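Student: I am new to this structure and would like a close look at a single part of it. Could you walk me through that part once it is on screen?

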Amino acid sequence: MRLRRFSAVVAAGIAGLATTAAMLPGHPVDRPQPLPALTARALDARYAGDSRLITRAARTADQAGDTGLARALGQMRGQHFIDFNPRGGGLAVEVIGDLARARRVVILVPGSDTSLTTFDARGSASPGGAAHALAAEVHRLHPGASLAIIAWLGYATPATLSPGVLTSGDAGQGAAALRPLVDDLARHGRQVALLCHSYGSVVCALAAPHLPVTDIAVFGSPGLDASSVRSLHSSARVWAGRGTGDWIRYAPHIRLLGLGFGPDPTAAAFGARRFDCGSGGHSGYFKPGSVALRNLAYIALGDPAGVTR
């Protein structure tokens, strides 16, 4: 009864926001930098250039009194970024591992409320922290794996408490930015997998048709704006998981007046390969030692036999 009442309240809220949200366009986002040549020399040059941009942006934030942003940018110094832009909520694309030599690349696509300020601030619940946690788990399971990890904040994410998070407007902009990166990596001979959290799963679903990826894993998803795996028009292995402690399970999987994202991708009828995420909450999928992180590492490695279903 409690779940039905909750769903009814949320559905009513969606209906009430319909007119407002329909009038709100997705937030504009700067065009990402094109991928450099995947050579050590070209990548080192890009890393050095973006490091200088990060240093200047941190200095500007500090002078402006934005201590939170200045601290966050300070954490980014010394890391490897192939894209960075401080305007608006900011863009940041970090590389963990040897992208020049990796045979396989996994891209982490984050959800709402992600910005430069939160890129590392929430530990493994942040894109940067999640990428480092995944790298450590991959090394534990398969030392020496030829894998690079990209923490991808390549779009302006909506706020969780906003009408925008109920529509696919921002996700559409994210998908338009994600596709060229994946295409470029595939053109350079890399196998690519997508790990997509929460609203980021909508981004991945919109980018999915005929995208050259081997795996798409969605977790903590509100829905994919798609009726089934078949409607994604993808040859990839499509995985779906949700922790038993994740509040997203209470979201009504409906579409009403253009809002919402449709069926639950973890439902058997959707057709995805369901994987075990343990008892974690919405921000716990990359928590070190968790079953969710272990399974995401196997998906990243392209080893479906290692994934517990």
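Student: In which loop is the place of aspartate 225?

Tutor: Aspartate 225 sits in the loop between E6 and strand E7 (237-241); helices (H or I, at least four residues) and strands (E, at least two) are DSSP runs, numbered from the N terminus. This is a predicted model, where local features need pLDDT of at least 70, side-chain atom pairs count only at pLDDT 80 or more, and totals for chains, interfaces and linings use all residues. Residues are numbered from 1 along each chain as its sequence is written, and side-chain values use heavy atoms, with hydrogens and water left out. As for confidence, pLDDT is the predictor's confidence in each residue, from 0 to 100, and the protein chain has a mean of 89, with 87% of its residues at 70 or more.

Aspartate 225 is partly exposed, with a relative accessible area of 26%; buried means under 20% relative accessible area, exposed over 50%, and partly exposed in between (1.4 Å probe, protein chains only).

Histidine 210 also has a positive phi, near 60°, and is a residue other than glycine. Histidine 210 belongs to the loop between helix H6 (199-207) and strand E6 (215-219). With a relative accessible area of 67%, histidine 210 is exposed.
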